[in-house]
Amino acid sequence: HACQEWTRGKNEGARGVAWAEDQQLRKGQGSDMAPAGLRYLANASNVIAANATVNVQNVRNDLGKLRLALTKNNVPMTRPGYIINPTLVEFLSQLQTATGALAFPEIADGRIGAFPYASTTSVPDNLGVNGNQSELYFADFSQIMVGDALRTTMAVSTQASYVDNEGVTRSAFQNDETLVRVIEAVDLATRYDLAIAVLTGVAWF
C-alpha cells in the first residue's frame, strides 16, 4: 500500500512539473529565473485581437489573420500548427454554416483547416474582464527551439513556508505539510519572432 501511494504521489508530482513547464513555455513573461513563453516571444505585430462579433466568417477571418501573419513574412511553414484550449476545439467542432453544414469538419481529424492543432488546458478559457475569453496560437514550430539540460534539482522541506493561490502565507510545519521544490534547466527561443502569431480575446463560447 505504501509503495502504491509513493508511486501515485511520484506520478502526480511529475504531472505537476510538466504542467508548470507547459504554462511557462506557453505564456511565461520571462525573468532571470524563467524563460519567456511563446506569447512573449511573438513579435508585437503578430499579436492580434479577435473580432468581438462571433460568426463563421469572422472566425475564418481571424484564423486567416494568424496564418497570414507568418506567410507574409516569409516564414518557412515547415511544421506549422495551432495550440488551442479544449473549449475552443469543442466550439469549432459544433460551429455550423447558414446551411447547417459543419464549418470545420476536419477538426475531428486533428486539423483546423489544413494545419494540425494541439489541445491543452494550459491555454486558459477564463481570460478577459468577464472571464469568458481564451487565446489561440499559430506557429511554425520548426523555428521554435527548446533547450533542456536534462537536469532536475529537487528539495524537500517540512519547515519552509509558501504563498497560496489566495496570497496567504502558509507554514508547512504548522499545516503538517511537506513541500517539494523542483528546478529544471529549460529554455525556449525562436529563430524568428514573426514565426509565432497569437489571437487574443477569443470569446468563441
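**Fold and aromatic contacts of the predicted chain**

The chain exposes about 12200 Å², of which carbon and sulfur atoms supply 51% (Shrake-Rupley method, 1.4 Å probe). The model is predicted, so that local features require pLDDT of at least 70 and side-chain atom pairs pLDDT 80 or more, whereas totals for chains, interfaces and linings use all residues. Residues are numbered from 1 along each chain as its sequence is written, and side-chain values use heavy atoms, with hydrogens and water left out.

Four helices and ten strands make up the secondary structure (DSSP runs, H or I of at least four residues and E of at least two, numbered from the N terminus). Of the 205 residues, 33% are buried (under 20% relative accessible area, 1.4 Å probe, protein chains only).

In helix α4 (residues 86–94), the buried residues are Leu88, Val89 and Leu92. These residues lie on the same side of α4, because they cover an arc of only 105 degrees around the axis (taken from the directions from the helix axis to the C-beta atoms). Their cover includes α3 (56–71), β2 (80–84) and β5 (134–140), contact being heavy atoms within 4.5 Å.

Three aromatic pairs are found in the whole structure (ring centres of Phe, Tyr or the six-membered ring of Trp within 6.5 Å; planes under 30 degrees apart stacked, over 60 edge-to-face, the rest tilted). Tyr82 and Phe138 form a tilted pair, 4.7 Å centre to centre with 50 degrees between the planes. This pair links strand β2, which holds Tyr82, to strand β5, which holds Phe138, 56 residues apart. Both residues are buried, and ring pairs join Tyr82, Phe115 and Phe138 into a cluster.

Methods. Buried < 20%, exposed > 50% of the residue type's maximum accessible area, 1.4 Å probe, protein only.
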